[in-house]
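Q: Hey, could you walk me through this chain? I'd like the fold before I look at any details.

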Amino acid sequence: MRAATKISNEEYIRIIADISRLEVGSAPSPMEAERILGGVLKPILRVEGFDLQATSTHRDEGIDFVGVRGDPSLGSAESLGVVAKFYSRARKVAVEQVRELIGAGLSRGMGRVILVSNCVFTTAARATIEHDLPLSVELKALEDLRSWLELVREAEPDAETEVRVMLRELSERFARLIARDPGALAYLEWRDVERTVAEVFDGLGFRVTLTPGSKDGGKDVILECEVAGKQATYYVEIKHWRSSTRVGADAVAKLLKVIVTEKKAGGLFLSTYGFTENAFEQLTTIEREKLRFGDQEKIVTLCRTYVKAKSGIWSPPENLTEVLFDGDAGGR
């Protein structure tokens, strides 16, 4: 198999975000962590010419992924094995686990094995691979994955791409923090909240567009999804005034007008400090169905659903709009 072209900047952004999802303290279930790692390693090893596949969960023989380069039928194939060790709490990967990796690789006739972990390796573990071994052994923490990724990416991206990567990573961290401690919202600036909400909806399955910080046309986030086989667009407006001001009737009417004028399916108005008592007085029953409302609790619920989705313990409802309109964010 010929080596593939290098990783594009768009794919690079996705992989960097996935690596961050594996950090200690936010790592998902072991099964989901392995799935994420597969999505990280496949394009990286593809550049080297390897086709990486997950092994059977019932008969992995100590190896989580197997990569093959070349044509086995011609006797010219090379193989490598990957083992994943991910933990929710900080610990060290010991020498015993490295020895198990080496044994599994030798038993399968592999020339190269890789152990990937979100934790650090003990000095003894790293010393093991310095010995003269019959196969190549690599120990990679998450920072090593990031460095490896840098080697196989396309030409250095521009500053805009770098900023987008950093902001997405930060937004994911904010969402996880809010899910754990709702009080964190009080310390975020309005634009941070908008980016975080956009990241949350993206993680829940919507196609998301975050509008510019100014001249946004009356909406902060644009969501697209399929409803009954047709594409539907929803607008989300977010008010996060650190003065603790509540949203009134004028702001509600403005968003509703944009939705109706532009013939969109509906919208969601989120206000971290809630709404005034008269904010909904002028709304008809139909308008109340078209435009829904949520306060800080709704944002927290969305963030918690996002964390569940990233951990592989939540699946989207058949009608994704339940995430917008249900009090429980459509979780199942």
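Predicted model: local features only at pLDDT ≥ 70, side-chain atom pairs only at ≥ 80, totals over all residues.

Q: What box do the C-alpha atoms fill?
A: Taken along the principal axes, they fill a box of roughly 80 × 40 × 40 Å.

Q: And what share of the residues is buried?
A: Of the 332 residues, 47% count as buried. As for contacts with a separation of 6 or more, 65% come from residues 24 or more positions apart.

Q: Okay, sheets. What's the strand order in the one that has β1?
A: The order is β1-β2-β3-β5-β7, an open sheet of 5 strands with mixed pairing. At the edges sit β1 (51-54) and β7 (136-140), each pairing on one side only. Neighbouring strands here are turned by 20° against each other on average, ignoring direction.

Q: In which sense do β2 and β3 pair?
A: Strand β2 (residues 65-69) pairs with strand β3 (residues 78-85) in the antiparallel sense, over 5 bridges.

Q: Nice. Now the sheet with β8, what's its order?
A: That one runs β8-β9-β10-β11-β12, an open sheet of 5 strands with mixed pairing. Its edge strands are β8 (207-210) and β12 (291-294), and each of them pairs on one side only. From one strand to the next, the twist averages 20°.

Q: Are β11 and β12 parallel or antiparallel?
A: Strand β11 (residues 266-271) and β12 pair in the parallel sense, over 4 bridges. Within that pairing, F269 has F293 in β12 as its bridge partner.

Q: Which helices lie across β11 and β12?
A: One is helix α8 (residues 249-261), which lies across β10 (230-239), β11 and β12 and runs at about 155° to β11. Another is helix α10 (residues 296-310), lying across β11 and β12 at about 110° to β11.

Q: Let's switch to helix pairs. How do α1 and α6 cross?
A: The axes of helix α1 (residues 9-20) and helix α6 (residues 159-180) come within 10 Å and cross at roughly 25°. Angles under 35 degrees count as roughly parallel, so α1 and α6 are roughly parallel to each other. The crossing of α1 past α6 is right-handed.

Q: Which residues make that contact?
A: On the α1 side it's N9, E10, Y12, I13, I16, A17 and S20, and on the α6 side T161, R164, V165, R168, E169 and E172. Sorted by class, the contact has 5 nonpolar, 3 polar and 5 charged residues.

Q: And what about α1 with α2, at which angle do they cross?
A: Their axes come within 9 Å and cross at roughly 140°. Over 145 would count as roughly antiparallel, so this pair is oblique instead. The crossing of α1 past α2 is left-handed.

Q: Last one: where is A186 found?
A: A186 is found in the loop between α6 and α7 (190-203).

Q: How exposed is A186, and what does A186 touch?
A: A186 has a relative accessible area of 38%. Leaving out residues up to four places away in sequence, A186 touches R242 and Y273.

Q: And how far is A186 from A77?
A: Their C-alpha atoms are separated by 57 Å, and the two residues are 109 residues apart along the chain.

Conventions
Residues numbered from 1 in each chain as written. Heavy atoms only, no water. Pairing = 2+ DSSP bridges. Helix = DSSP H or I, 4+ residues; strand = E, 2+ residues; numbered from the N terminus. Axes fitted to C-alpha atoms, helices over the stretch in contact; angles between N-to-C directions. Contact = heavy atoms within 4.5 Å. Parallel < 35°, antiparallel > 145°, perpendicular 65-115°, else oblique. Left-handed = near helix turned anticlockwise from the far one by under 90°. Nonpolar A, V, L, I, M, F, W, Y, C, P; charged D, E, K, R; others polar. Buried < 20%, exposed > 50% of the residue type's maximum accessible area, 1.4 Å probe, protein only.
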